[in-house]
Amino acid sequence: MEEVPAYLMSKFISDIGGVLGLWLGMSVLTACEFFEFGIDLFVFSICQFIQYKKEQGEKNDSKVANDRTIQPFEQQSQMGLSAVQRASFSVGIGTVEQMEMSEVA
């Protein structure tokens with residue numbers, strides 16, 4: 001009776017190399033996928049940041065527009081009587097200048 005190996009050393013090394021190549025290939029593929037995921041996450045974050053800044057800019061633009069429409073009325077109230085108030089005085093009692101003259105006299 002003679003012993004014969006069922007699994008030869010060359011076959012064993014060849015199978016280890018195949019399995020190692022399979023696992024190493026999966027590892028490289030996984031590393032590439034993680035790298036791609038990182039890039040996608042970075043691009044998504046940049047796009048969200050840009051969108052956020054655009055929305056903030058639109059809010060600020062509308063606030064500035066509102067401030068500009070309100071500002072003339074504030075300036076008129078600080079200067080005294082507005083044009084509407086002057087017109088109502090001129091229709092009812094005479095002009096503002098005439099009223100001021102009558103108060104002085």
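## A walk along a helical chain

The model is a predicted one, in which local features need pLDDT of at least 70 and side-chain atom pairs count only at pLDDT 80 or more, while totals for chains, interfaces and linings use all residues. Residues are numbered from 1 along each chain as its sequence is written, and side-chain values use heavy atoms, leaving out hydrogens and water.

The side chain of Lys11 meets that of Asp15 in a salt bridge, at 4.0 Å from N to O. The term asks for a side-chain nitrogen of Lys or Arg within 4 Å of a carboxyl oxygen of Asp or Glu, and the structure holds one such bridge. Asp15 is partly exposed too, at a relative accessible area of 27%. Both residues sit in helix α1, four residues apart, or about one turn of the helix.

Now step back to the whole chain. You will find three helices and zero strands, running α-α-α from the N terminus on. Helices (H or I, at least four residues) and strands (E, at least two) are DSSP runs, numbered from the N terminus. As for confidence, pLDDT is the predictor's own value for each residue, from 0 to 100. Its mean over the chain is 74, and 57% of the residues reach 70 or more. Among the elements, α1 has the highest mean pLDDT (80), and helix α2, residues 83-92, has the lowest (50).

How much of the chain is buried? Of its 105 residues, buried ones make up 3%. The chain exposes about 9,700 Å², with carbon and sulfur atoms supplying 66% of that area. Accessible areas come from the Shrake-Rupley method with a 1.4 Å probe, and for residues only the protein chains shown count as cover.

Part of this surface is a nonpolar patch formed by Phe35, Ile39, Phe42, Val43, Ile46, Phe49, Ile50 and Tyr52, with about 820 Å² of accessible area together. Patches are made of residues with over 30% relative accessible area and no salt bridge, joining like charges within 9 Å and nonpolar side chains (Val, Leu, Ile, Met, Phe, Trp, Tyr) within 5 Å. Tyr52 lies in helix α1, which covers residues 9-79, and is partly exposed at 44% relative accessible area.

Aromatic rings of Phe, Tyr and Trp (its six-membered ring) pair if their centres lie within 6.5 Å; planes under 30 degrees apart count as stacked, over 60 as edge-to-face and the rest as tilted. By this rule there is one aromatic pair. Tyr7 and Phe12 form that pair, edge-to-face, with 6.3 Å centre to centre and 75° between the planes. Tyr7 is partly exposed at 45%, and so is Phe12 at 39%.

Notes
Buried < 20%, exposed > 50% of the residue type's maximum accessible area, 1.4 Å probe, protein only.
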